[in-house]
Amino acid sequence: MLSTAPAAVHLRTAGPSDAEAWSALHLRCLDETYRPLFGDAFADRQQAAADRTAGYDRALLADPDVRTLLAVDDDGTPLGLVSAGPAPAAWEGRAGVPAPLVPLQLFQLYVLRTAHGTGIGAALQKAAIGSADAYLWIMDGNARAERFYARHGFRALAESFPAGGPWAGQHMHRMLRTGTA
């Protein structure tokens, strides 16, 4: 069943002054996404790592090479977020994962569950990376997100890497889109 879209959704560039709202939305979306998939203990670790998440978010919002956008309703309430920029991310080198195949990464794309199915995610993705070659990391087992990205030209790579930090205990893989630009 498709959700009903808010009366009007606006995409706007986000910056350092949006850090608090961005991180609150990010953490809420992490909880809505991963608690049903991986359970309470996993989701609680994400919430316990809120300071770490906020630090990551502040760095993205302050980086002039990273495109950050918020989807907000008429009242300015954030409904979704996206960030994309040059690859690889610093953590990828530290983790020893293979080099990326393209130089653009979709770092984050989250939409509140109440806004799923409204087109907000697609609008955010298009505004952040257009039809450019890009890749992203996705948690193994996140079938809903994998279907979303597949509809937008991404294909899952045959790989699986253990996640670290508050993500420990789960695995992730990359999805890649090439040849659509």
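**Helices and their surroundings**

Reply: In helix 6, which spans residues 143-151, the buried residues are Ala145, Phe148 and Tyr149. Around the helix axis they cover an arc of only 90°, so they sit on the same side of helix 6. Keep in mind that this is a predicted model.

What covers these buried residues? The cover of the buried residues of helix 6 includes strand 4 (104-111), helix 5 (120-129), strand 5 (134-139) and strand 8 (171-177). After helix 6 comes Gly153, and its phi is positive, near 90°.

Gly169 belongs to the loop between strand 7 (161-162) and strand 8. With a relative accessible area of 67%, Gly169 is exposed, because exposed means over 50%.

Now turn to helix 1, which can be described through its partners. Two packed helices are described by the angle between their axes and the distance between the axes. For helix 1 (residues 19-38) and helix 2 (residues 40-48), the angle is about 160° and the axes are 7 Å apart. Angles over 145 degrees count as roughly antiparallel, so helix 1 is roughly antiparallel to helix 2. The crossing of this pair, helix 1 and helix 2, is right-handed. On the helix 1 side the contact is made by Leu27, Leu30, Asp31, Tyr34, Arg35 and Phe38, which meet Asp40, Phe42, Ala43, Asp44, Gln46 and Gln47 in helix 2. By type, the residues of this contact are six nonpolar, two polar and four charged.

Helix 3 (residues 50-62) is another partner: it packs with helix 1 at an angle of about 125°, and their axes are 9 Å apart. That angle makes helix 1 oblique to helix 3. The crossing of helix 1 and helix 3 is right-handed. Here Ala19, Trp22, Ser23, His26 and Leu27 of helix 1 meet Ala50, Thr53, Ala54, Asp57, Arg58 and Leu61 of helix 3. The residues of this contact divide into six nonpolar, three polar and two charged.

One of the residues just named deserves a separate look. His26 lies in helix 1. Is it buried or exposed? Its relative accessibility is 6%, and since buried means under 20%, His26 counts as buried. Setting aside neighbours within four places in sequence, His26 is in contact with Thr53, Asp57, Leu81, Gln108 and Tyr110.

Leu79 is found in strand 3 (residues 78-86), and with a relative accessible area of 8% Leu79 is buried. Leu79 and Trp22 are 57 residues apart along the chain, and 10.0 Å separates their C-alpha atoms.

Last, consider the chain after strand 3. Pro88 has its place in the loop between strand 3 and helix 4 (90-95). The peptide bond from Ala87 to Pro88 is cis, with omega near 0°.

Notes. Residues numbered from 1 in each chain as written. Predicted model: local features only at pLDDT ≥ 70, side-chain atom pairs only at ≥ 80, totals over all residues. Heavy atoms only, no water. Buried < 20%, exposed > 50% of the residue type's maximum accessible area, 1.4 Å probe, protein only. Helix = DSSP H or I, 4+ residues; strand = E, 2+ residues; numbered from the N terminus. Arc of directions from axis to C-beta. Contact = heavy atoms within 4.5 Å. Axes fitted to C-alpha atoms, helices over the stretch in contact; angles between N-to-C directions. Parallel < 35°, antiparallel > 145°, perpendicular 65-115°, else oblique. Left-handed = near helix turned anticlockwise from the far one by under 90°. Nonpolar A, V, L, I, M, F, W, Y, C, P; charged D, E, K, R; others polar.
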